[in-house]
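Please look through the structure below with this short report at hand.

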Amino acid sequence: MLEPEKTAWDDAGNLEVLTFDIGEEKFALEAVMIREILDLLPETKVPGAADLVGSIVNFRGKIIPIADLRLAFGMPQEEPGADSRIVVIETEIEGESIQLGIRTDRVHEVATLSRASSAEPPMVGMRWRREFVRELVRESEGVVVLPDLDAIFGSMSGRGQAAAL
C-alpha cells in the first residue's frame, strides 16, 4: 500500500493552491505544480488506456495526457461547459516528472489555505475512497479537497489498489 502523500505546508502553516470545481466539489492543488490553464482542446482517445487518463491533447507540439478525476472520485460524467478548463500540472509518477492535464468544470483562483483549518479524511462517512484524499480544508463556503495524486495515478501503474480505474 502507498504511503499517503504529504502536504507541503510552509513554516507558517499556509499552502498556496489553485482551486477548481469538479461537479459540485471544490478541489485544490499546490500552485507550484500548475504549469498552464487551458481552454478545452480537441482530445484524442487512446485505445486501451485506463479511463482515468483515457485521452491526450496536443498542446504546442507536446502530447499531454488528460485525466478525469471524476472517475477516481466516482462522480457522474457530465458534458463540458463554457467554464470548463484543463489544468496542466507537473508531477512525479514513479520518480519520473510528467506533465498531465486535469479536466475541471471551473477554475477559481490561487488561494492560501491554512493548516489550522485542515484535517485528514475521516475513517468513515466519506463517499470517496479515503486513500485518494490527502486532506480536507474547511472554508467559509464549505470544504476544499486536496486530492492525493500519487495514490490516484500510482494506482494506474499497479502500485495502488485501483488498477481498474
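Strand 2 is mostly covered, with six of its six residues buried. This is a predicted model. In a regular strand the side chains alternate between the two faces of the sheet. In strand 2, both faces are covered. Glu-25, Phe-27 and Leu-29 are buried on one side. Lys-26, Ala-28 and Glu-30 are buried on the other.

Strand 2 runs antiparallel to strand 1, and six bridges join the two. Val-17 faces Glu-30 of strand 2 across this pairing. The hairpin of strand 1 and strand 2 has two residues between the strands. There, Gly-23 takes a positive phi near 60 degrees. Strand 2 also runs parallel to strand 12 (residues 142–147), joined by two bridges. Phe-27 has Val-145 in strand 12 as its bridge partner.

Thr-44 has Ile-56 of strand 5 as its bridge partner.

## Nonpolar cores

The largest nonpolar core holds 29 residues. Which of its residues touch the most other members? They are Phe-73, Ile-89, Leu-149, Ile-152 and Phe-153. Several elements each supply at least two residues, among them strand 1 (14–22), strand 2 (25–30), helix 1 (69–72) and strand 7 (85–93). Strand 8 (96–104), strand 11 (133–139) and helix 2 (149–154) also each supply at least two. Helix 2 gives the most, with four residues.

Ile-89 shows the packing in detail. Leaving out residues up to four places away in sequence, Ile-89 touches Leu-29, Met-33, Ile-34 and Arg-35, among others. Another core, of nine residues, lies apart from the largest one. Val-17, Leu-113, Val-144 and Leu-146 are among its members.

## The second largest pocket

The second largest pocket has a volume of about 390 Å³. It is lined by 23 residues. Glu-43, Lys-45, Asp-68, Gln-77 and Arg-103 are the closest to its centre. Strand 6 (62–67), helix 1 and strand 8 each give two or more residues to the lining. The lining divides into nine nonpolar, five polar and nine charged residues.

Asp-68 sits in the loop between strand 6 and helix 1. Is Asp-68 buried or exposed? Its relative accessibility is 7%. The cut-off for buried is under 20%, so Asp-68 counts as buried. Apart from neighbours within four places in sequence, Asp-68 is in contact with Leu-52, Gln-77 and Arg-103. Gln-77 and Arg-103 are also listed among the residues closest to the pocket centre.

## An exposed loop residue

Arg-60 lies in the loop between strand 5 and strand 6. Its relative accessibility is 69%. Exposed means over 50%, so Arg-60 counts as exposed.

How far apart in space are Arg-60 and Val-143? They are 35 Å apart, C-alpha to C-alpha. In sequence, 83 residues separate Arg-60 and Val-143.

Terms used
Residues numbered from 1 in each chain as written. Predicted model: local features only at pLDDT ≥ 70, side-chain atom pairs only at ≥ 80, totals over all residues. Heavy atoms only, no water. Core = buried A, V, L, I, M, F, W, Y, C linked by side-chain atoms within 4.5 Å. Buried < 20%, exposed > 50% of the residue type's maximum accessible area, 1.4 Å probe, protein only. Contact = heavy atoms within 4.5 Å. Pairing = 2+ DSSP bridges. 1 Å grid on protein atoms, 1.4 Å probe; cavity = no way out; pocket = protein on both sides within 12 Å on 5 of 7 lines; lining within 4 Å. Points joined across faces, edges and corners; volume = space filled by probe spheres on them. Nonpolar A, V, L, I, M, F, W, Y, C, P; charged D, E, K, R; others polar.
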